Structures are given as C-alpha cells and as structure tokens.
Amino acid sequence: MNPLILLSGGITTKELTSLLLKRKLDIAVFDPQTAEAQAQIHGERVIPVLRNIPQQVQQNAYSKATQLTAQVFAEPVSAIAERIEEMPEWYRFSHNGLDEHLGIFLPGYTHQSFTNQIIRYAALDALNEARKIKLVVTHEDVTEVFGGLAQWAKHHGIPTMHVPHANHYSLPEISPDIHETSICDYLAATPHMEQFYKKNGYRGEVRLTGSPLFDRWTEYRRDRDWALRALKLDGSKPVV
C-alpha cells in the first residue's frame, strides 16, 4: 500500500496531485468539491475525505454541537463581545464592525461551525486510523476549516506543510496580518513568501521550493511594446 498524503484541496495543492501520484503516493483530499473532481480524473488513488459521512456521525455531531453551543452562550452575547478586547490585535482589527445584530447571528453560526468541525474531525480520525496519514499539505492554515485541519494534524503528530495560496500578501513591515498566525511545520515558499513569513515571526522551517501554481510564469515572457499596449501606458514616458 502506498503512503498517504492529505491535501487541503486549495488552489496551490491542486497542482500537486498528479505530481505526487507519479511518485507512488496515494492522495486524500479534504475539500469536498476538489476531492470529487480529482477522484473523477485520477480514480481510486484519490480519496475524498468527506464523502459518504455516516448518518450516525452527523447526528452525534449535531448533538455535541448543541451541547457546546449551550456552554458557550451560558452568558449574554454582549458579555462575550466585550472580551474581544482581550483578543490578539489582528483579531480585533478584523472584528471592529460588531453591532447589535451579533446576538442574533452568533449562536446559530457557532452551532453550525461546531457541527461541521466535529464531522470533519470524525472523518479525519477514521481515515487516519485506516491508512495512517504521512503528511498534511495545505494552501493555508489560519481559517476555521484549514487552520483546524493543521491543528488536527499537529494533535496527531502528523507533519504539516504550507504551500501558500498567493505569492505574497501585505508588505513584511505591515501588521497586523492574519497570516502571522501560521502554524505549519514547513513552508514551501517563493522568495517573496520567505521574506514575508520570516519578517512576521514564522517559527516553522522555510524551504525555497517555488510553487507549481506560480512557476509557470517564469517561462512567460512578452516584449516591452506588448506590455505597454496591455497596460495602456505611454512608452515615451519612463515606466517603473
């Protein structure tokens, strides 16, 4: 049986599937839509993690989510919102639009989030028990879904690798930026990404590997006249 690599299914990891399959590795894909599309192309060597979740698992997740949500909202939502001042700077920066609608929205959102996360982790547990995942590769590790995937992998002692979904984000000296919270063990980077993450305190190991998603552009060349026409620039003036 081939070693199993788990891909998040994001834009940069899609590019890796065919390359990894050529190296006698089996692939599991976390994102449902990407997983089904790649399973159609590559067959049984691509495993959709969230396909055919048993009804009992879904029911258990809903019940557990109800219990957790009741615990979270044992006090008024307004009291919870006030504690955002205790959160990291990047979190406050992203949530400064809170208003009176929070009390209506947040409990329902929290219950749905708990339900989905419990189902995802149950599916991951089942897959890991059956096949023993060797590596998790994700296009990001800071959101609820894929940050949760990275945290799950760390909990189970599975190495994690981040292949960023963009060549760079904000300038390295600009803060806050949610990407500062990246937690993967390894970063497969371009030079721009290496600069950004090192400047913002990334603690994992950075390897300059390039990225299949962006590497194709190294062969893309156009002459100056074409560039001026495409960007509608005046060639008689200096262009930077």
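These notes go through some local features of a predicted model, point by point.

1. How to read the values. Residues are numbered from 1 along each chain as its sequence is written, and side-chain values use heavy atoms, with hydrogens and water left out. Because the model is predicted, local features need pLDDT of at least 70 and side-chain atom pairs count only at pLDDT 80 or more, while totals for chains, interfaces and linings use all residues.

2. Aromatic pairs. Rings of Phe, Tyr and Trp (its six-membered ring) pair if their centres lie within 6.5 Å, and planes under 30 degrees apart count as stacked, over 60 as edge-to-face and the rest as tilted; by this rule there are four aromatic pairs. One of them joins F30 and F146, whose ring centres are 6.2 Å apart with planes at 75°, so this pair is edge-to-face. F30 sits in the loop between β2 (26-29) and α3 (32-42) and F146 in helix α8 (residues 144-155), so the pair ties together parts that are 116 residues apart in sequence. (Helices, H or I of at least four residues, and strands, E of at least two, are DSSP runs numbered from the N terminus.)

3. Is F30 buried or exposed? F30 has a relative accessible area of 2% and is therefore buried, where buried means under 20% relative accessible area, exposed over 50%, and partly exposed in between (1.4 Å probe, protein chains only). F146 counts as buried as well, at 12% relative accessibility.

4. F196 and Y197 form an edge-to-face aromatic pair, with 5.2 Å centre to centre and 85° between the planes. F196 is buried at 0% relative accessibility, and Y197 is buried at 2%. Ring pairs link F196, Y197 and Y202 into a cluster.

5. Two strands pair if DSSP finds at least two bridges between them. Strand β5 (residues 160-162) and strand β6 (residues 186-189) pair in the parallel sense over two bridges, and M161 has Y186 of β6 as its bridge partner. β6 also pairs in the parallel sense with strand β7 (residues 205-208), over four bridges, with L208 of β7 as the bridge partner of A189. From β6 the chain crosses through helix α9 (residues 191-199) to β7, and this β-α-β crossover is right-handed, meaning that, with the strands pointing away from the viewer, the path from the first strand over the helix to the second runs clockwise.

6. Positive phi values. Which residues other than glycine have a positive phi? N52 has a phi of about 55°, lies in the loop between β3 (46-48) and α4 (55-72), and is exposed at 68% relative accessibility. K132, with phi near 60°, is found in the loop between α7 (102-131) and β4 (133-138) and counts as partly exposed at 49% relative accessibility.

7. V145 and D31. V145 belongs to helix α8 and is partly exposed, at 23% relative accessibility. The C-alpha atoms of V145 and D31 are separated by 9.3 Å, although the two residues are 114 residues apart along the chain.
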